[in-house]
Amino acid sequence: MKILICISNVPDTTTKIRFAENNTRFDSQGVQWIINPWDELALTRALELKEASGGAIEKVSVISVGPQSAEPTIRKALAIGADDAIRVNYEPTDAYGVAFQIAEAVKGQGYDMIIAGIESSDYNGAAIGGMLAEFLGVPSVSSVSAINVEDGNIVLKREIDGGSEIIGTQLPFVAVIQKGVALEPRIPSMRGIMMARKKPLNVVEPVAVDTMTEFVSYKLPPAKAACKMVDPENVKELINLLHTEAKVI
């Protein structure tokens, strides 16, 4: 069995967001880039499955769509434990184009399980996994919070309204995972960092595709109102503020 993890190169969640060119472009100057948190959990779970498989899982690969500047993030995935990596040399401007490029890059490569994070922490589109499955013509399972292999069968747990369900699926398939699939992401060891330098990172040129969306402009959310302090003995005022201003009761 071969597992492929789709990873996004995203700004660190503590990054101060700025825009340039009259708010038409994200200003990447001084930004620290990281693996998308959901994708990092997906990679962690894939490595756990490989280690517990007794050799049944042959390798865990990662793929990312982006320019050469994304390679340090990809190398981090290799340092965490991925066996090899693919970078599609394409500017990721819209979800449709990204999903299409991944599908074209991995067709015929024999991946049995493809895992994508439910969304990226920058654009929060939550579209790549489903689109990728459609391009590949394989089943997809969304909102996956657990992945296990039992007697050679894939067993998935997914969240639904009011609870969860346990389902199985045929191979190959795409799993769109959310928080809970792994307890916490792995941290690369010094040995892993050294080994990552020698692991293969295959750069694939993109296939022509028409993008379906474009970003016209950006704007920051409105500033939060100043915090109001209420005397703990003044319950009436607190209730009034929650009702008239916060509008939560």
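## Strands, pairing and the overall picture

Two strands are said to pair if DSSP finds at least two bridges between them. Keep that in mind for the hairpins below. What you have on screen is a predicted model.

The protein has 13 strands and six helices. Its C-alpha atoms fill a box of roughly 65 × 45 × 40 Å along the principal axes. Of its 249 residues, 39% count as buried. If you take the contacts between residues at least 6 apart in sequence, 71% of them join residues at least 24 apart.

Let's start with strand S10, which covers residues 153-160. On one side of the story is S9, which pairs with S10 in the antiparallel sense over six bridges. Within that pairing, Val-144 stands opposite Arg-158 in S10. The two strands make a hairpin with two residues between them. Asp-151 is in that turn, and its phi is positive, at about 55°.

S10 also pairs with S11 (residues 163-168), again antiparallel and over six bridges. Here Ile-160 has Gly-163 in S11 as its bridge partner. S10 and S11 form a hairpin too, with two residues between them. This time the turn residue to look at is Gly-162, with a positive phi of about 85°.

## Ser-145, a polar residue tucked into S9

Now zoom in on Ser-145, which sits in strand S9 (residues 140-150). Is Ser-145 buried or exposed? Its relative accessibility is 9%, so Ser-145 counts as buried, given that buried means under 20%.

The side chain of Ser-145 makes a polar contact of 2.6 Å with the side chain of Glu-159. Setting aside residues up to four places away in sequence, Ser-145 touches Lys-157, Arg-158 and Glu-159, and also Gln-178, Lys-179, Gly-180 and Val-181.

## Tyr-90, in a loop but buried

Tyr-90 belongs to the loop between strand S7 (84-88) and helix H3 (95-106). With a relative accessible area of 13%, Tyr-90 is buried.

Which residues does Tyr-90 contact, leaving aside its neighbours within four places in sequence? The list is Val-65, Gly-66, Pro-67, Gly-97, Val-98, Gln-101, Pro-206, Val-209 and Thr-211. Take Val-65 from that list: it is 25 residues from Tyr-90 in sequence, yet the C-alpha atoms of the two are 5.9 Å apart.

## Pro-37, in helix H1

Pro-37 is part of helix H1, which runs over residues 37-52. Pro-37 has a relative accessibility of 29%, so it counts as partly exposed.

Once residues up to four places away in sequence are left out, Pro-37 touches Val-10 and Ser-121. From C-alpha to C-alpha, Pro-37 and Ser-8 are 9.0 Å apart, with 29 residues separating them in sequence.

## The second largest pocket

Last stop: the second largest pocket, which has a volume of about 170 Å³. What lines the second largest pocket? You'll find Ala-225, Ala-226, Cys-227 and Lys-228, along with Leu-238, Leu-241, Leu-242, Glu-245 and Ala-246.

Sorted by class, that lining has seven nonpolar residues, two charged ones and no polar ones.

Notes:
Residues numbered from 1 in each chain as written. Predicted model: local features only at pLDDT ≥ 70, side-chain atom pairs only at ≥ 80, totals over all residues. Heavy atoms only, no water. Helix = DSSP H or I, 4+ residues; strand = E, 2+ residues; numbered from the N terminus. Buried < 20%, exposed > 50% of the residue type's maximum accessible area, 1.4 Å probe, protein only. Polar contact = N/O pair within 3.5 Å; in protein donor to acceptor, adjacent residues only side chain to side chain. Contact = heavy atoms within 4.5 Å. 1 Å grid on protein atoms, 1.4 Å probe; cavity = no way out; pocket = protein on both sides within 12 Å on 5 of 7 lines; lining within 4 Å. Points joined across faces, edges and corners; volume = space filled by probe spheres on them. Nonpolar A, V, L, I, M, F, W, Y, C, P; charged D, E, K, R; others polar.
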